[in-house]
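I opened my notebook and the viewer side by side. I want to work through this chain step by step.

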Amino acid sequence: MDYGHDLLFGTFLTPSAANPRQVVQLTQLSEQLGYDLATFQDHPYQPRFLDTWTLMSYAAAATSTIQLAPNVTNLPLRPAPVLARAAASLDLLSGGRLNLGLGAGAFWDAIEAMGVPRLTAGESVEALSEAIDLIRELWAVGERGAVHGGDHYPVHGAKRGPAPAHEVPIWLGAYKPRMLRLTGRKADGWLPSLSYMQPGDLAAGNARIDDAAAAAGRHPGEVRRLLNISGGESAEQLVELALGDGMSAFIVSSDDPAMLERFAAETIPVVREAVAAERTRTGHTAPGRSARALAQRRDGIAYDDLPASLRETAVEPGDFGYRTVRSTYMRGGAPGLVLRPRDVGEVAEALAFARRHRHLPLGIRSAGHGISGRSTNDGGIVIDLGALSRIEVLDEATRRVRIEPGARWGEVARALEPHGWAISSGDYGGVGVGGLATAGGIGFLAREHGLTIDRMVAADVLLADGTVVRASAEENPDLFWAVRGAGANIGVVTAFEFEAMPVGELGWVQLAFDATDMADFVRGFGATMQASPRDVTLFAILAAGRGGQPPLAQVYGVVDQPDPDTIIERLQPFAQLAPLVGQSVQLSTYAAVMANATDATHDGQGEPRFRSGLLRTLDDAADAIAALIASGATPWFQIRSVGGAVADVAPDATAYAHRDAGFSVTAIGRGPVFDQLWDALATHFDGLYLSFESRTDPALVAQAFPPATLARLREVKRRYDPEPLFRDNFPVA
């Protein structure tokens, strides 16, 4: 019986307190010798042993590649809710190198001496079963609802998290029939010791595990078979244990460095070669995704037809990593398949797969921060470009840089800072390059250097038919025109070329005002902003007062000047707008300003309710804005300043045509009051910015693009995407 799992070899080390450094050194030696795994006994009642979990944490910090595991955790002395968090924490800190061995408990006299009541054999199995469920539930970050335990772990309303870095396998040290059946039903691995086994015990244990797995609807191959050995076994014995008894991991119990070296040099290569040869001859492989994962596949997707190059990184609803890719920053999603290509060739294969599934929604994602949430869906396909993230300087003299769509703007700012350059790029460093650079890009340097798209000089575009073309002013100029403002309709940009601008030290501004007279503040902010030099680009967030406090206006942004006196001079007119209740002005760099992003996984819930509009001035709209803020129907209302260099570009030069807008306004809210007051404000709009719009009404496209622009876009769409594949992100067709 060969279950087909890849072979692992490990060491089983004694956590001796007599020489604490020795066991760590043996772990390091195990890594150097090429062992896959280092494991440690867990006997907390032993005065001569180190605490195993503390030891594993230290060993993880002292190594970089070897996997770690308790062999096995003494569950009665490690309460499951605490153990779940300890395991997840160590897995995160070690970069996904933890495996969790569990045992129901042994040496009960010693366990009782530490204050833990003795359990019967049946109670021990029940406690272990409950612990497995509870641990996995606590790791399931992103799932809704509180976590509740059972008879042995009566937790009520426990919060999930943290989630481990990878799907930590749970291996059971099991010998008795009930424990073996539990292994088959719920565990990821069986971890006995050969020294405790009699002839035929492995076969009998496998049979019980296999029967229990099948009864639970699992493939028996979902359970890895591991074995603690002495190290004195011959290579021939281990080959027989692998191919005849299904053992795929051999863990050598020894603290002798010479013995570990000899086993690694003489035995491991022979076993690996013999097992690989037999599997090549028979074509035997391990089962793929678990039965549980397969059951969560969505209808209408030919999962088995996925190209081999994409299978390794693809994420399905039943996969552990699904929680990290299902949603965007603001929107909860449930795609049927997330493809994560690693190069342009794989992006083309992913797009070809999407073409064969035209009946499904298609989302293209660079980082998932888009307010509209269009880079996720329900039951469709998402192509995640996060792996295409290279940033390259092409020409120092012209400041030309090449940036792939999966890079984030904070990373771009850091890469350009040593050169003294920057590209205006929104206000949050976690935004992906691809989404922003195909929509517009209203950022902190917009009034001085224009939109993000205004610094673009070329783009490589993967079209719906799978061809890659270059778009620039000289090559495919109509495509280049469309990419700058409506790129989501045209294709997948696999690389951008920008001309960065010289940007050195600048002023980072954060001001807070008592905006009791909100309408007056809005008018004053608008007039002052439009009268300011172009090196000033400030945004404002407005909010109603709470708890007896006055309404608040938070103004923030950049004065692109290195001289403190000049920065203060630029800000003086703003300081007169209303009573200042907070202020911070400091010399900074663009990279430091954009370093405001976290690495937290996007975990949006539900549907965002964002609205967007463009205004030439704030004068006529000020009263409507003040009424909306005062209603309390919007917890977040933002004004972004444009104009300046943005207006220098002709309206027909790019698909982003509203060049005369002085301000972009955005709000989030819900309910009829919000809708009514927003509609009143919208009477003052002259266009909208689709990146800040979550509605799906097709009429919004006509508001985003003037008639002549929209007609031209539709012609380009007919030429490059005649049977619309890109139809799920404000389609113009």
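The entries below go from the whole chain to sheets, then to single residues.

**Entry 1: the whole chain**

I noted first that this is a predicted model. I looked up the secondary structure and found 24 helices and 28 strands in the chain. Next I checked the extent of the C-alpha trace. Along its principal axes it spans about 90 × 60 × 50 Å.

How much of the chain is buried? I read off 55% of the 733 residues. Then I looked at the contacts with a separation of 6 or more, and 74% of them come from residues 24 or more positions apart.

The chain exposes about 29,500 Å². Carbon and sulfur atoms supply 51% of that area. For charges, I found 65 positive and 86 negative side chains. The centres of these two sets lie 4 Å apart.

Strands of a sheet pair through backbone hydrogen bonds, either parallel or antiparallel.

I then traced an open sheet of nine strands. Its order is S3-S2-S1-S11-S10-S9-S8-S5-S4, and the pairing is parallel. Which strands stand at the edges? They are S3 (67–70) and S4 (73–74). Each has a single partner strand, so one side of each has no neighbour in the sheet.

I zoomed in on one pair. Strand S1 covers residues 8–13, and strand S2 covers residues 37–40. Four bridges join S1 and S2 in the parallel sense. Here Phe-12 stands opposite Thr-39 in S2.

Helix H9 (residues 257–282) does, and it touches S1, S10 (224–229) and S11 (249–253). The direction of H9 makes about 155 degrees with that of S1.

**Entry 2: the three-stranded sheet**

I moved on to an open sheet of three strands, with the order S12-S14-S13. The pairing is parallel here. S12 (337–339) and S13 (362–365) are the edge strands, each with a single partner, so one side of each is left without a neighbour in the sheet. On average, neighbouring strands of this sheet are turned by 20 degrees against each other, direction ignored.

S12 pairs with S14 (residues 381–384) over three parallel bridges. I picked out Leu-337, and its bridge partner in S14 is Ile-381. Then I followed helix H12 (residues 344–355). H12 lies across S12, S13 and S14 and runs at about 170 degrees to S14.

**Entry 3: strand S28**

Is strand S28 (residues 663–668) enclosed or open? I checked its residues, and six of the six are buried, so S28 is largely enclosed by the rest of the structure.

I recalled why a strand has two sides to check: in a regular strand the side chains alternate between the two faces of the sheet. On one side of S28 I found Phe-663, Val-665 and Ala-667. On the other I found Ser-664, Thr-666 and Ile-668. Both faces are covered.

I then looked up partners of S28. Strand S26 (residues 610–615) pairs with S28 in the antiparallel sense over six bridges. Within that pair, Gly-613 has Val-665 as its bridge partner. Strand S27 (residues 636–641) also runs antiparallel to S28, joined by six bridges. There, Arg-640 is bridged to Ser-664.

**Entry 4: backbone details in loops**

One joins Asn-71 and Val-72, with omega about -5 degrees. Val-72 sits in the loop between S3 and S4. Another cis bond runs from Gly-161 to Pro-162, with omega near -5 degrees. Pro-162 lies in the loop between S7 (156–158) and S8 (170–172).

Arg-399 has a phi of about 60 degrees. Its place is the loop between S15 (391–395) and S16 (400–403). Asn-476 also has a positive phi, near 50 degrees. Asn-476 is in the loop between strand S19 (468–472) and helix H16 (477–486).

Is Asn-476 buried, exposed or partly exposed? Its relative accessibility is 30%, so I filed Asn-476 as partly exposed.

Terms used:
Residues are numbered from 1 along each chain as its sequence is written. This is a predicted model: local features need pLDDT of at least 70, side-chain atom pairs count only at pLDDT 80 or more; totals for chains, interfaces and linings use all residues. Side-chain values use heavy atoms; hydrogens and water are left out. Helices (H or I, at least four residues) and strands (E, at least two) are DSSP runs, numbered from the N terminus. Buried means under 20% relative accessible area, exposed over 50%, partly exposed in between (1.4 Å probe, protein chains only). Contact means heavy atoms within 4.5 Å. Accessible areas come from the Shrake-Rupley method with a 1.4 Å probe; for residues, only the protein chains shown count as cover. Lys and Arg count as positive and Asp and Glu as negative; His and the chain ends are not counted. The place of a charge is taken as NZ of Lys, CZ of Arg, CG of Asp or CD of Glu. Two strands pair if DSSP finds at least two bridges between them. Axes are lines fitted to C-alpha atoms, for helices over the stretch in contact, and angles run from 0 to 180 degrees between N-to-C directions.
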